[in-house]
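This report walks through a single protein chain, from its helices to its disulfide and its core. Please keep the sequence and the model in view while reading.

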Amino acid sequence: MLCRMRFLMVPLLLVALTGCASSAARVDRPTVPETLAPAAEAETSRTAVEWADYDPSVKTRIDELGFAGDCSGLQGEFDIAEANSPLTQERTGHGNSVLMGYILEALSLANCY
């Protein structure tokens, strides 16, 4: 009986330790689901936006909406970028046309059209 309990405890212990390790890994570095991997690979050939001219949350938000396939959210980001283009022009010397191109790419990669 004791031998059987040890036999059952080892797999349970391994499962418990593996579960903890994988949770920690997700916190340390986010992963892209396999179904989104082609979109993530396309990231390297995306439009080059002057991200330093924008709040860091802009790129994060657009990328997360794209990965989630949130077409409505991406369209909202496009509309905001279009509306704010004159302000960006005054602040940085360029409008938001390149950013809007990036959002259009995200819409395409998310199969929104």
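Leucine 65 is a residue of helix H3, in a model that is predicted. With a relative accessible area of 16%, leucine 65 is buried, and once its neighbours within four places in sequence are set aside, leucine 65 is in contact with Asp70, Gly73, Leu74 and Glu77. The C-alpha atom of leucine 65 is separated by 8.7 Å from that of alanine 110, although the two residues are 45 residues apart along the chain.

Glycine 66 also belongs to helix H3, and at a relative accessible area of 18% glycine 66 is buried, because buried means under 20%. Not counting residues up to four places away in sequence, glycine 66 touches Leu74 and Ala110.

## Overall fold

The chain contains five helices and zero strands, and when it is read along the sequence the pattern is α-α-α-α-α. Of its 113 residues, 23% count as buried. Among contacts between residues at least 6 apart in sequence, 63% join residues that are at least 24 apart.

## The disulfide

How many disulfides does the structure hold? It holds one, in which cysteine 71 is joined to cysteine 112 with an S to S distance of 2.1 Å. The link of cysteine 71 and cysteine 112 is left-handed, with -90° about the S-S bond. Cysteine 71 lies in helix H4 (residues 71–92), whereas cysteine 112 lies in the segment after helix H5 (97–109), so the pair ties together parts that are 41 residues apart in sequence.

The phi of asparagine 111 is near 55°, a positive value in a residue other than glycine; for comparison, most residues other than glycine have a negative phi.

Helix H4 bends by about 50° at serine 85, and a proline, proline 86, follows within four residues. Just after H4, glycine 93 takes a positive phi of about 95°.

Which residues of H4 are buried? They are Gly73, Leu74, Glu77, Phe78, Ala81, Ser85 and Thr88, and what covers the buried residues of H4 includes helix H3 (56–68) and H5. As background to reading such a list, an α-helix has 3.6 residues a turn, so residues three or four places apart point the same way.

## Packing of H4 against H5

The axes of H4 and H5 are 9 Å apart, and the two helices pack at an angle of about 170°. That angle makes H4 roughly antiparallel to H5, because angles over 145 degrees count as roughly antiparallel.

Where these helices meet, H4 contributes Cys71, Leu74, Gln75, Glu77, Phe78, Ala81 and Glu82, and H5 contributes Leu99, Met100, Ile103, Leu104, Ala106 and Leu107. Cys71, one of the H4 residues in this contact, is also a partner in the disulfide with cysteine 112.

In soluble globular proteins, nonpolar side chains tend to be buried together. In this model the largest nonpolar core has 15 residues, and Ile62, Leu74, Leu99 and Ile103 touch the most other members. H3, H4 and H5 each supply at least two residues of this core, and the largest share, six residues, comes from H5.

Leucine 99, leaving aside its neighbours within four places in sequence, is in contact with Val49, Trp51, Tyr54, Val58, Ile62 and Ala81. Leu74, for its part, is among the buried residues of H4, and Leu74 is touched by glycine 66 and by leucine 65, both of which were described above.

Conventions
Residues numbered from 1 in each chain as written. Predicted model: local features only at pLDDT ≥ 70, side-chain atom pairs only at ≥ 80, totals over all residues. Heavy atoms only, no water. Disulfide = S-S within 2.5 Å. Bend = angle between axes of the 7 residues up to and from the residue. Buried < 20%, exposed > 50% of the residue type's maximum accessible area, 1.4 Å probe, protein only. Contact = heavy atoms within 4.5 Å. Core = buried A, V, L, I, M, F, W, Y, C linked by side-chain atoms within 4.5 Å. Axes fitted to C-alpha atoms, helices over the stretch in contact; angles between N-to-C directions. Parallel < 35°, antiparallel > 145°, perpendicular 65-115°, else oblique.
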